[in-house]
Structures are given as structure tokens and as C-alpha cells.
Amino acid sequence: MEILIVGPQGSGKTTQAKLLAKKFNFQFISTGDLVREFATQDSQEAQSVKQALEQGELVNDRIVAELIRKKLARNDSQRGFVMEGFPRSVDQLKYISPNFDKVFYLEVSDEEVVKRLLDRKRADDQPEVIRQRLRLYHTFTEPVLKFYEKLGKLIRINASQLSGMTDEQSIQEIANEIDKQMESLVNNKGVNLGASAKR
Ligand code: ADP
């Protein structure tokens, strides 16, 4: 099974993708992790990626696609994968277009995104870089949502923090919501869940 988790930065997509991958024994593919790892290498291409990251720009489509292709080739899980961070634009689908069964869209307002990222303090979480990434998200990634919506694959999940909940409770609540949707998908497809997936 192939699942995509999509949402603005700070929507919790990495956290949810990891939880889901663990539960179902899927391969976990984070484009952000792949490009950050690549940026530490000692090559001219790696330096250009590092610069794009620092400026909140998108990394070159061809490089991103290549990193994903390599990661997929190393896939040791026969069950499938959970991807996050790709595609970030409709154009990127020209390079690789996974046949996602479902696309979970974690919805969070811009206001909440900015607040969360400033708390996170990752190197690229500077106010002006955050704003630039949000601009790119609205311009290029939102059309990706529409694309999957037309294919009937998009599932919207409210990923904003509910008042009175701790981060932990909020994460669990969203995970439960995704689980519910996954259960009906798994039942329909007759996928056999491994021991780790049984609750
Ligand atoms: P966030 O979504 O919180 O910005 P990510 O870890 O997903 O964080 O991505 C961090 C950065 O990595 C992005 O700002 C971008 O520069 C680069 N990146 C990640 N995925 C892609 C992609 N599919 N295409 C181009 N650049 C990407």
C-alpha cells in the first residue's frame, strides 16, 4: 500500500507518517530528511541543496526525485510505504508518480504553522524563511491536493491543536483519525496486518 501524508510545514506530517509506518510496518520516506542528509555531503550539488534549504526554496526536482528513487530501491518492506514531503508541486509528478492509495491532508492554519515552527527552532525555521515556505506551499503544493481530490484519494484531517489538549493528546487524536480511515481501506483491500499493527 502507498500512502501520502501532506500538509503545511509544522502540520505534524512527519510525526504522523512515522507513527503510521511503524503501525503497519511500512517503509517511511521523508523527503525533508533525504534532502537534509544529502546536504551534508561534500559535492557541488550538495552545496546547492544546502543553500536552497537555508533560503526556504524548493530543492531541484531532479535531485529530489533521484533521492526518492534510491530510497525506494532500498525498500525492505513488502507492505508498502508512507511518504511525506513529495510531491511538493504538480510538476514533480513528472519525475515520479507513486500510485498512492490514499492521501491524508493535515489541515492547519498559517497562523498556527508560524507559531509552531517558531517553537520548533530548526535551522530553517527563521520567520522570513517560514513565510517563504508557506508561500511556496500555497502556490505549488495546494494544486497537488486538488489533483488527488479529483482522483477521490484525498482525506482531510483537522490537524490543529484542539483547545485544552496537550501536544501528546493532540497527536494521538489525529493518529486515531488516520487509523480509522486506514482500517476501512485495509478491510477493503484485504491487506493482512502484521503483529505490530494489531491493537
Ligand atoms: P517542512 O515541510 O516543515 O518545510 P521538510 O522537512 O518537509 O519541512 O522540508 C524541508 C525543506 O526541504 C523544504 O523547505 C525544501 O527546501 C526541501 N524539500 C523537501 N521536500 C522537497 C521536495 N519534494 N521538493 C523540493 N524540495 C523539498
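In this predicted model, helix α2 packs against helix α4 through a set of side-by-side residues: Thr31, Leu34, Val35 and Phe38 of α2 meet Ile63, Val64, Leu67, Ile68 and Lys71 of α4. By class, the residues of this contact are seven nonpolar, one polar and one charged. Helix α2 covers residues 31-39, while α4 covers residues 61-73. Their axes come within 10 Å and cross at roughly 105 degrees. An angle from 65 to 115 degrees counts as roughly perpendicular, and α2 and α4 are therefore roughly perpendicular to each other.

With four residues, α2 supplies the largest share of the shell. In total, 18 residues surround the ligand, and the closest are Gln9, Glu57, Gly85, Arg88 and Gln92. Sorted by class, the shell holds six nonpolar, five polar and seven charged residues.

| Residue | Protein atom | Ligand atom | Distance |
|---|---|---|---|
| Gly85 | backbone N or O | nitrogen | 2.7 Å |
| Gln92 | side-chain N or O | nitrogen | 2.7 Å |
| Arg133 | side-chain N or O | oxygen | 2.9 Å |

How much of the ligand's accessible area does the protein cover? On its own the ligand has 540 Å² of accessible area, and the protein covers 98% of that.

Two places in the backbone deserve a separate remark. Most residues other than glycine have a negative phi, and most peptide bonds are trans. Asn25 is not a glycine, yet its phi is positive, at about 60 degrees. Asn25 sits in the loop between α1, residues 13-24, and β2, residues 27-30. The other place is the peptide bond that joins Phe86 and Pro87, which is cis, with omega about 0 degrees. Pro87 belongs to the loop between β3, residues 81-84, and β4, residues 102-107.

Terms used
Residues numbered from 1 in each chain as written. Predicted model: local features only at pLDDT ≥ 70, side-chain atom pairs only at ≥ 80, totals over all residues. Heavy atoms only, no water. Near = heavy atom within 4 Å. Polar contact = N/O pair within 3.5 Å; in protein donor to acceptor, adjacent residues only side chain to side chain. Areas by Shrake-Rupley, 256 points an atom, 1.4 Å probe, with all protein chains shown as cover. Helix = DSSP H or I, 4+ residues; strand = E, 2+ residues; numbered from the N terminus. Nonpolar A, V, L, I, M, F, W, Y, C, P; charged D, E, K, R; others polar. Axes fitted to C-alpha atoms, helices over the stretch in contact; angles between N-to-C directions. Parallel < 35°, antiparallel > 145°, perpendicular 65-115°, else oblique. Contact = heavy atoms within 4.5 Å.
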